[in-house]
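Open the model in your viewer and keep the selection panel at hand. The stops below follow one another by selection.

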Amino acid sequence: MIRVQNEAIDPGALLAGFCRGRTDVGGVVSFTGLTRGATDGAAVSRLSLEAYPGYTEKVVAELEAETRARFQVIDVLVAHRWGDLEVGQAIVFVAVAAEHRRDAFQAADFLMDQLKTRAPFWKKETGPDGTRWIEARAQDHADTARWNAGETT
């Protein structure tokens with residue numbers, strides 16, 4: 001399941017709902033990405049994310065489906081925020097349920113790497129020095145590339 005939303009993400013509520021009543025899994029791994037107060041030493045007071053309605057959801061759904069196909073998972077949840085976010089607010093929440101923990105950890109790691117580099121969100125930081133558009137870092141691309149090379153740790 002995917003959600004691309006302007007509303008605030010409540011990771012605790014999402015995780016509780018995702019886990020409620022589960023008897024079909026051995027573990028759930030979750031990740032919550034938060035808005036940083038600084039990037040590369042530059043203070044950040046707000047992050048603005050833009051998305052292309054319809055297309056962004058389509059790509060995120062494809063990444064979720066790719067994760068399901070690649071790993072032995074039972075369920076996946078992705079919630080990604082767009083709009084203006086204050087420092088400390090959740091940008092993204094991912095939860096993966098699997099029979100075994102390693103599959104859940106690897107699937108969550110893979111999915112976050114894909115979201116970071118392939119999901120069509122445009123990010124702009126605002127701070128005391130003005131605004132700047134930000135892109136995925138070289139390390140983000142290296143993290144994504146390792147999955148294509150077969151490395152999973």
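Select residues 121–127 and 130–134. These are strands β9 and β10, which run antiparallel and are joined by five bridges. Helices (H or I, at least four residues) and strands (E, at least two) are DSSP runs, numbered from the N terminus. Two strands count as paired if DSSP finds at least two bridges between them. A hairpin of two residues links β9 to β10.

Before moving on, note what you are looking at: a predicted model, where local features need pLDDT of at least 70 and side-chain atom pairs count only at pLDDT 80 or more, while totals for chains, interfaces and linings use all residues. Residues are numbered from 1 along each chain as its sequence is written, and side-chain values use heavy atoms, with hydrogens and water left out.

**The sheet around the hairpin**

The four strands form an open sheet in the order β7-β5-β9-β10, with antiparallel pairing. β7 (83–86) and β10 are at the edges with a single partner strand each, so one side of each has no neighbour in the sheet. Neighbouring strands here are turned by 25° against each other on average, direction ignored. Axes are lines fitted to C-alpha atoms, for helices over the stretch in contact, and angles run from 0 to 180 degrees between N-to-C directions.

Zoom in on β5 (residues 46–51). Four bridges join β5 to β7, and the two run antiparallel. Which residue of β7 stands opposite R46? That residue is E86.

**The other sheet**

Now select β1, β6, β8 and β2. This is an open sheet of four strands in the order β1-β6-β8-β2, with mixed pairing. Its edge strands are β1 (2–5) and β2 (27–34), and each pairs on one side only. From one strand to the next, the twist averages 5°.

Stay with β6 (residues 75–81) and β8 (residues 90–98). Six bridges join these antiparallel strands. Pick V78, whose bridge partner in β8 is V94.

Bring in helix α1 (residues 11–19). α1 packs on the sheet, touching β1, β2, β6 and β8, and its direction makes about 15° with that of β8. Contact means heavy atoms within 4.5 Å. Then show α3. This helix lies across β2, β6 and β8 and runs at about 150° to β8.

**α2 against α3**

The axes of α2 and α3 come within 10 Å and cross at roughly 150°. The two helices are therefore roughly antiparallel. (Under 35 degrees counts as roughly parallel, over 145 as roughly antiparallel, 65 to 115 as roughly perpendicular, and the rest as oblique.) The crossing is right-handed. A crossing is left-handed if the near helix is turned anticlockwise from the far one by less than a right angle, and right-handed if clockwise.

α2 supplies V59, V60, L63, E64, E66, T67 and R70; α3 supplies A107, F110, L111, Q114, L115 and R118. They divide into seven nonpolar, two polar and four charged. Here Ala, Val, Leu, Ile, Met, Phe, Trp, Tyr, Cys and Pro count as nonpolar, Asp, Glu, Lys and Arg as charged, and the others, Gly among them, as polar.

**α3 against α4**

Residues in the contact include Q106, D109 and F110 of α3 and D140, H141 and W147 of α4. By class, there are two nonpolar, five polar and six charged residues.

**Last stop: a ring pair**

Select F110 and W147. Their rings form an edge-to-face pair, 5.4 Å centre to centre with 90° between the planes. Rings of Phe, Tyr and Trp (its six-membered ring) pair if their centres lie within 6.5 Å; planes under 30 degrees apart count as stacked, over 60 as edge-to-face and the rest as tilted. F110 lies in α3 and W147 in α4, so the pair ties together parts 37 residues apart in sequence.
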